[in-house]
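Thanks for making time this morning. I would like to walk you through one structure, and I will go slowly for anyone who is new to it.

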Amino acid sequence: MKNYIQYNAFQNKEVIIAIPALGERKEMYAALASILPEAHIVAIDLPGHNGQLDNDFSFQSYNNTIKEIMEYLKITKAHFLGNSIGAWIIQNFYTNYPDSVKSLTLLDGGYYFIGEYHPDDKAEIQLPIIERLEDLQEAINEEIRNMGNLSAENKEYLYNYFLHNFVEKNNVYYHHSDANALNDLSKAVEKIITV
């Protein structure tokens, strides 16, 4: 079970299960863990993310994975935090395992903006492929500059986080996510919206 990471694991206080946004990694919660040292945070990668070799990208399969990790770590009940698609996932987890949930915190959980969702849209998510490290570094630096007035510490944290969203293979940089996973997870949200 390499698809999760624990922060502040030796705390006997509250446990937070944290689910990242589509295309993000579990490590995005490192900064939160540093400002909440009293909370035991278990951050779990989405299927097909961060090198996970999943074949089933359904919400149900992922719910089962979350439950298995909780059982492995002997966590009977936790607070759940979900960012973007993670907010949809934790709501779906609650539907299936309500006795395992103390609370839900939804961050940017709308996923679609009003007027932007079209059920007939067949567009697929495409992941970037970058051929030069210098181009990747420049794109990251530009993204950070567009975020406004950040401290040097936050800029460094974000730079390293974004840089590690890409994996180098044969001198080419690929996004860490599997495109099939991103598209299947998005379609799972579409099914919830249209129900």
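I will talk about a pair of helices and then about salt bridges.

What we have here is a predicted model, in which local features need pLDDT of at least 70 and side-chain atom pairs count only at pLDDT 80 or more, while totals for chains, interfaces and linings use all residues. Residues are numbered from 1 along each chain as its sequence is written, and side-chain values use heavy atoms, with hydrogens and water left out.

Let me begin with the helices, which, like the strands, are DSSP runs numbered from the N terminus (helices are H or I with at least four residues, strands E with at least two). Helix H2, residues 59–72, packs against helix H3, residues 85–96, at an angle of about 75 degrees, and their axes are 10 Å apart. That angle makes H2 roughly perpendicular to H3, a label that covers 65 to 115 degrees.

Turning to charges, the structure holds 8 salt bridges, each being a side-chain nitrogen of Lys or Arg within 4 Å of a carboxyl oxygen of Asp or Glu. One of them joins lysine 102 and glutamate 14, at 2.9 Å from N to O. Because lysine 102 lies in strand S5 and glutamate 14 in the loop between strands S1 and S2, this pair ties together parts that are 88 residues apart in sequence.

Definitions and conventions
Axes fitted to C-alpha atoms, helices over the stretch in contact; angles between N-to-C directions. Parallel < 35°, antiparallel > 145°, perpendicular 65-115°, else oblique.
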